[in-house]
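Please read this briefing alongside the sequence and the model shown below.

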Amino acid sequence: GVLEGKELVLGTLYGPNVHDMAFHRSVWCLLHSFADIPIILGGDFNAIADPSVDCSQSSAGWGSGGYVLPFCSTVLGLTDVWRVLNPGDRDYTHLSRAHNTLSRLDYIFISETLFPRVRSLEIAPIQISDHAWVELVLEMDENRGGIRLWRFPRDLYEDEAFRVYIKEQWDLYSQDNQAHADDPILFWEVAKAVLRGAVISYSA
């Protein structure tokens, strides 16, 4: 793609939860072909960068994707944004209920040339899914304008009344749309629009 008139690679990766060397080689080759272009790469790597700080049990291994992370940092020169901003800190993006462990498996790597644009990177609470979402905010050229995307108001995460309200809205939506429940894609896409409207109404 193109960002502010310059080429940019924006990629997402889901690493297998089993050791798959063929997958890792294909990722290496693909990423290496873009080595001269700024990269933003995020996703569930199914890998632990440093077991001593990125897992609630320090005795854990590096995970099935452990080969990809060193390649991103040492060969491609990509930066693990959260770790650079939070050296030595602990925060986790995945909860394994089966093993009762927390770990940081979800990363956003960027090229070093993009790092001066970083405003923040946050790991959200693990709530509905067993993973937390990770949000990267970059500083853009304000003179270029563009479309402003809607963002979920962060203060609502700690609003107990909102949790009750949004659950009621979800229950109402589910009851009114049982006819579409057999089509999960349609059901969820419409739900997102309805719930976004509910959030905006609550915040108004």
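This is a predicted model: local features need pLDDT of at least 70, side-chain atom pairs count only at pLDDT 80 or more; totals for chains, interfaces and linings use all residues.

Residues are numbered from 1 along each chain as its sequence is written, and side-chain values use heavy atoms, with hydrogens and water left out.

**Overall fold**
- The chain holds 5 helices and 10 strands, where helices (H or I, at least four residues) and strands (E, at least two) are DSSP runs numbered from the N terminus.
- Of the 204 residues in the chain, 38% are buried; buried means under 20% relative accessible area, exposed means over 50%, and partly exposed lies in between, with a 1.4 Å probe and protein chains only.
- Among contacts (heavy atoms within 4.5 Å) between residues at least 6 apart in sequence, 66% join residues at least 24 apart.

**Nonpolar cores**
- The largest nonpolar core has 15 residues, of which Leu31, Leu41, Phe45, Leu69, Cys72, Leu78 and Phe109 touch the most other members; such a core is a set of buried Ala, Val, Leu, Ile, Met, Phe, Trp, Tyr and Cys residues joined through side-chain atoms within 4.5 Å.
- Two or more residues of this core come from each of strand S3 (9-14), helix H1 (21-32), strand S4 (39-44), helix H2 (68-75) and strand S8 (106-111).
- A second, separate core of 13 residues includes Ile40, Val81, Ile110 and Ala132.

- Asp80 lies in strand S5 (residues 78-80) and counts as buried because its relative accessibility is 12%.
- The side chain of Asp80 makes a polar contact of 2.8 Å with the side chain of Arg104; a polar contact is a pair of N or O atoms within 3.5 Å, and within protein one must be able to donate a hydrogen and the other to accept it, with residues adjacent in sequence counting only if both atoms are side-chain atoms.
- Leaving aside residues up to four places away in sequence, Asp80 touches Arg104, Tyr107, Ile108 and Phe109.
- The structure holds 1 cavity of 30 Å³ or more; on a 1 Å grid over the protein atoms alone, a cavity is a set of points where a 1.4 Å probe fits but cannot get out, a pocket is an open set with protein on both sides within 12 Å along at least five of seven lines, and lining residues have an atom within 4 Å of a point.
- The largest cavity has a volume of about 40 Å³, a volume being the space filled by probe spheres set on the grid points, which are joined across faces, edges and corners.
- Among the residues lining the largest cavity are Asp80, Arg104, Tyr107 and Ile108, and S8 gives the most to this lining, with 3 residues.

**Second largest pocket**
- About 1000 Å³ of space lies in the second largest pocket, whose lining has 26 residues, with Gln127, Ile128, Trp133, Phe152 and Tyr157 nearest its centre.
- Helix H4 (160-176) and helix H5 (184-203) are the elements that give two or more residues to this lining, and H5 provides the largest share, 6 residues.

**Pro153**
- Pro153 is found in the loop between strand S10 (134-138) and H4, and counts as partly exposed because its relative accessibility is 22%.
- Pro153 and Val199 are 46 residues apart in sequence and 8.4 Å apart in space, C-alpha to C-alpha.
- Not counting residues up to four places away in sequence, Pro153 touches Val199 and Ser203.
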